[in-house]
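Dear colleague,

I am handing over the structure we discussed, together with some notes on what turned up in it. Please look through it before reading on.

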Amino acid sequence: MLTRRSFHRQLLALLAAGALPLPRPAGAAAGGGGGDALLNRLSFGATETSRRELASAGPEDWLEGQLAAPPGDAGLTRRLAAARLRIAYEAGDDGAGGHWPATDEMRPLGLLEADPAGLLGLLDHETAMDYAERVRPAQEVIAASLLRAVHAEAQLREVMTQFWHDHFNVMSTASEATAVFFPAYDRMLRDHAFGNFRALLGEVAKAPAMLTYLGNADSRASPANENFARELLELHTLGAGNYLSDRIGHWSEVPGAAQGLAAGYIDEDVYEAARCFTGWTVGDGRWIGEGREAPMSGAFHYAEAWHDPYQKRFLGREFPSHQGPLADGEQALDMLATHPGTARFVCAKIARRLLADDPDPDLVEHLAGVFLREAGALDQIARVIRALVAHPAFAATPPGKLRRPFEVLAALYRATGAEVASAELGWNWQLSRAGWRQHAYPPPTGHPDLSADWANSTYLARVVDLALYAHDQWFDGARPSAGALVPDTLASFGQVCGHWTQRLHGRADETGYGPVLERFGVSEADPLPDDPEDREHAVAMALAVAALSPAFLYR
Amino acid sequence: MGEPVLVVIFLRGGADALQLVAPASDEAYLAARPDFLRTDRAGDAAGIALGGDLADVDFRLHPAAAPLADLHAAGDLSIVHATGLLEPTRSHFDAEARIERAGGGDGGASGWLGRWLRVARPEGPLPALAVGTMLPDALRGAPATVAPTLDEVPIAAGHWLAPALRARILEGFGAHGPLVATAQDLVRTSELLTDRLWAPDLDAFRPYAPSVDYPDGPLSVPLRTVAQAIKEGLGLRIATVDYGGWDTHVRQADDFGGLVGGLAGPLMAFWRDLGPRQQDVSVVVMSEFGRRLLANASGGTDHGRAGAMFVLGPQARGGRMLGRWPGLENEALEDGADLAVTTDYRAVLAELLQGHMGLPDPEAVFPGLAPGRPGLWG
């Protein structure tokens, strides 16, 4: 009978004797079944419930339901309210007479909805507290992110929220300021996930989290600090493909510049954009000038005294001097949000996220057309997504995109039906070993989105760990264990294998476990072990085998 | 003597070479830079004199880089100033992609280290290790192991199902998809490393006992891992280590000393840890660009052009400043703003690959590279 030890012995013997045949999913690269392709693209992974919903509503209505779904739902609200994230630190002092007591408690996620003005105390170094308290807001958002990805009903909104987090990346743990402003940033991205790109871009440019992460909060005349302006052009709007400094040395030589809208940008556009955003800072009480401080609003603040008011030339267009408060920056954002280069760059990224690494160029062009035509629509992004799903290339593209580490974990829990219950961020540390730094990716690029960027040895080794351990007690990601997630009615090895195949791959027709099981001295028809521990091992083994499959890892 | 090893440390973000290896006697430098962003000849920020044979300028190493000054004085370290990309780009990600791919003429499919590996075809359990969690572009195009530490490499190390899982991965991914080559390499590497390093009595990898203490810092564990791979005789030939945080747009003075110390201290520890294996190892330290001569109004510096490269290793004739110093007068600056690039960074790398790694023809790695070398050996 199956025991851990006998398993091991037999495997070693088999390996010594030669190749160990293991099941190969039918259809190999094709991945999951038809409906699963859509669910795996537009959600964090198919579940039995979402399969039923899709089957009953049909793809169009299912998509409309997702686009209409509000950010919260009753189940998610209940789970977020019940969640506890441990905070623990030793007693300490700040070296200036301030002390704090040792703390070790299970604390609710109480800062997710907090008004940033109310969190400014965490930035006050006159008040003694452990650093863990100052960055707690960011930790809560990170903890909530897995819960949302697995359990939110508004799945597509969560997928797009993650997309915008990567597109407008802020490393929430970069400093206590980015941490304190991060819950508001997360809420804003979620609210605007399907909205108007210009509105979203404006919110990002004025978000205290972004202003502190890329240092624009400190940018003033003169010389301006170009950090935000450069990433605004390179990462948020036009994209590096439209950066022409290696080819073009003067603004007037950029195609389109003479007509008032340059097709691409050079370093001088970065410098001019940086001047446009001087004075865009944060209301955190900072010193602006003699007798002048920013308000303690926890929100965007425009410091007129820091702004460089003189004439500018951006993308070939002259901005007159003294345009008035905010006007230079707003005008630059207007130009960028409706620029064809931005439309192509952003739409290619959306298609790369929701469809495939290398989306069909005709599809991208089509989406860019929708993006530009609908530039005034409040639901501009939703319209782009609708156009993507309706395009023939969407259905014609086979699955083949590697799930990234966070997506592997979320999809696994969704498929098995586990409940996220992480009192600590151990799962987050496990993902970081695979290169995934949830809301804490240091460079402003955000996580890469090509399979080739992830198909390396540490990704694969850690995905094996996730497949093996994500349901273990010590992993502290979800409950209950794999063994408790299969119905008691499953009596045989074959039924357990079939169960996971249905859950993870969306079809019960995969066979081929028989030969493997035979090698372990059991057959598909054999009953599962009676001993609870042996049964747990057998079920977990079958889960790992089902997860380590192209049908699950490629979407 | 063992087979030669090349360690590449990449300072991500654009290290300010003008504060790291400062032209401390240059009038234009003194005029342009506020004192808190300079390394000076005297005072609190006094740098360590490097004894210049470059353009009669008194180059000073940042005080936090004292261990590097020791290596320089010992004749093991050379500095090549005013190096960088010939193409003028001030974008991090564009510059990094170009530098690491180094114009392979294959549309970006391979990096310079990947091409060296394809030419040299080194064998052994671990010919190339990217320390960290992402494969740097420089290693594209050839098999390389990516892991933060050696005990992170094997699949499910010590797990009773590990052999079955390896087989599952080999079989399951068949002949398609982006994971195939990775799966094959990783299964092979897992088995070879486990054979070498697994201690059954500990149910873990045999712990590595470095011969010196490494100071704390983000480079310590990565460099200790590289030293371990070299000293364990795993056939390591190429290692890459990333060190981020150099994008000092705001309040550079707050961070710069820590960044420099975080490079110099662990690098010195690594070098001592190697012991007799020093004779086989070269280290090159580089960044995607230097930073602007003028500071911004946020107490920081913005993206510039030329930077400095460090080459550590006893094979080359060290203890020197190499390159051609273009000066910092306005007309000497690139676009009137930045230290001009006078040495193609590829010339430094090509000389290293030829002189140290035994590459016969640099054309195979750096197609179209002009002759001219900085003279690390001369």
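Is Arg198(A) buried or exposed? With a relative accessible area of 18%, Arg198(A) is buried, because the limit for that class is under 20%. Please keep in mind that this is a predicted model.

Arg198(A) forms a salt bridge with Asp334(A), in which the closest N and O atoms are 2.6 Å apart. Since Arg198(A) belongs to helix H12 (residues 197-205) of chain A and Asp334(A) to helix H16 (residues 327-337) of chain A, the pair ties together parts that are 136 residues apart in sequence. Asp334(A), for its part, is partly exposed at 39% relative accessibility.

A salt bridge also links Arg140(B) with Asp453(A), the closest N and O atoms being 3.0 Å apart. Arg140(B) sits in the loop between strand S6 (128-131) and strand S7 (145-147) of chain B, while Asp453(A) is in helix H23 (residues 451-454) of chain A, so this pair joins two chains. Arg140(B) counts as buried at 18% relative accessibility, and Asp453(A) is buried with a relative accessible area of 14%. Over all chains the count comes to 65 salt bridges.

Turning to the strands, chain B has an open sheet of three strands in the order S2-S4-S3, with antiparallel pairing. Strands S2 (21-23) and S3 (48-49) of chain B stand at the edges with a single partner strand each, so one side of each is left without a neighbour in the sheet. S3(B) pairs with strand S4 (residues 59-61) of chain B over two bridges, and Ala49(B) has Arg60(B) in S4(B) as its bridge partner.

Best regards

Key: Residues numbered from 1 in each chain as written. Chains lettered and ligands numbered in written order. Predicted model: local features only at pLDDT ≥ 70, side-chain atom pairs only at ≥ 80, totals over all residues. Heavy atoms only, no water. Pairing = 2+ DSSP bridges. Helix = DSSP H or I, 4+ residues; strand = E, 2+ residues; numbered from the N terminus. Salt bridge = Lys/Arg side-chain N within 4 Å of Asp/Glu carboxyl O. Buried < 20%, exposed > 50% of the residue type's maximum accessible area, 1.4 Å probe, protein only.
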